[in-house]
Amino acid sequence: MCYCVQAGNVAAAEAASQSAAAAASGAELATLSLLRVVDLVDALWEHMPQVLGDMGALADHLADEGAGELRGRLGNANLAALLAGAVYRSVHPPAAAAGRKGRSRLARDAAAAAAAGGVDAEAQQEVTVALAQKLPALLTQFQAEPGVAAPLLAIPSFMRLEQFLLSKQEEGYRALLQQADGLLQRHSHLPLVNEAAAVLVHASKHGPAALQEIGG
């Protein structure tokens, strides 16, 4: 069984309880911030690289409606934040890891590039391929849950948008931007509004020229 499945099941009861309490009181879900999640991913990355580095599996687990019911709204929101944090860390390897013993030369070079302000282009491409279809589907699935949709909308800024064109995923790109625009229009949840606007701005600046009409 995937470690992310085990972790989700262990936390499911508590997350469901907290979600029910928040729903009953009308309070906003107290989800983990992306910065805190990135710190958590940093701490676990070298011990669980195959789990945290499998964006497709994390996305599939979030999309699992049965597991989602067990996790509850809070659990789904935190898993979405974990996915976003894992994407960020995959694309931006920890600079502090550059000199650690036992790391491969490739890993050290990637970390050194991150320390210099760069990104791991190969990881960025892999993330984009893995999530090109899954991310728009997740945004559709959770469009009524801003606590889940907001961290998901943080992901496109870490993707290589031109990969949508290279992989002939124009429809995925269109769906992604349509979801971002729709969520921006329908919600007043500030974190979601900020992330949705950032997606559209990022697409207008960094999206492939051949798909700029879609972004506009």
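# Close-up views of an all-helix model

**View A. Glu162 and Arg160 pair through a salt bridge.** The closest N and O atoms of Glu162 and Arg160 are 2.6 Å apart. A salt bridge here is a side-chain nitrogen of Lys or Arg within 4 Å of a carboxyl oxygen of Asp or Glu. The model is predicted: local features need pLDDT of at least 70, side-chain atom pairs count only at pLDDT 80 or more, and totals for chains, interfaces and linings use all residues. Residues are numbered from 1 along each chain as its sequence is written, and side-chain values use heavy atoms, leaving out hydrogens and water. Glu162 is partly exposed at 36% relative accessibility. Arg160 is partly exposed too, with a relative accessible area of 24%. Buried means under 20% relative accessible area, exposed over 50%, and partly exposed in between (1.4 Å probe, protein chains only).

View B. Helices (H or I, at least four residues) and strands (E, at least two) are DSSP runs, numbered from the N terminus. Buried residues make up 42% of the 216 residues. Among contacts between residues at least 6 apart in sequence, 74% join residues at least 24 apart. Contact means heavy atoms within 4.5 Å. The accessible surface comes to about 11,000 Å², and 54% of this surface belongs to carbon and sulfur atoms. Areas come from the Shrake-Rupley method with a 1.4 Å probe; for residues, only the protein chains shown count as cover.

**View C. Asp42 and Arg89 form a salt bridge between two helices.** The N to O distance is 2.2 Å. Asp42 lies in helix α2 and Arg89 in helix α5, 47 residues apart. Asp42 is partly exposed, with a relative accessible area of 25%. Arg89 is buried, at 8% relative accessibility. The whole structure holds four salt bridges.

View D. Arg174 is partly exposed at 32% relative accessible area, whereas Glu171 is exposed at 56%.

**View E. The largest nonpolar core has 45 residues.** Such a core is a set of buried Ala, Val, Leu, Ile, Met, Phe, Trp, Tyr and Cys residues joined through side-chain atoms within 4.5 Å. Leu83, Leu131, Leu152 and Ile155 have the most contacts inside this core. Elements giving two or more residues include α2 (34–45), α7 (121–131) and α12 (190–206). Helix α5 gives the most, with 10 residues. Ile155 touches Leu83, Ala84, Val87, Leu131 and Leu135, not counting residues up to four places away in sequence.

**View F. Ala59 is buried in helix α4.** This helix covers residues 55–63. The relative accessible area of Ala59 is 2%. Ala59 touches Leu83, Leu131, Lys134 and Leu138, with residues up to four places away in sequence not counted. Ala59 and Leu152 are 93 residues apart in sequence and 9.9 Å apart in space, C-alpha to C-alpha.

**View G. Helix α9 is mostly covered.** Six of its eight residues are buried: Val148, Ala149, Ala150, Pro151, Leu152 and Leu153. These buried residues pack against α4, α5, α8, α11 and α12. Gly147 also sits in α9. Leaving aside neighbours within four places in sequence, Gly147 is in contact with Ala77 and His189. The C-alpha atoms of Gly147 and Asn78 are separated by 8.6 Å, at 69 residues apart along the chain.

**View H. Helix α12 has a buried face.** The helix has 17 residues and reaches 24 Å from its first C-alpha to its last, close to the 24 Å expected at 1.5 Å a residue. The expected span is 1.5 Å times one less than the number of residues. Leu192, Ala196, Val199, Leu200, His202 and Ala203 are buried. Down the axis of α12, its buried residues fall within an arc of 160 degrees, so they line one face. The arc is that of the directions from the helix axis to the C-beta atoms. The face turned away from the buried side of α12 carries the exposed residues Leu190, Lys205 and His206.
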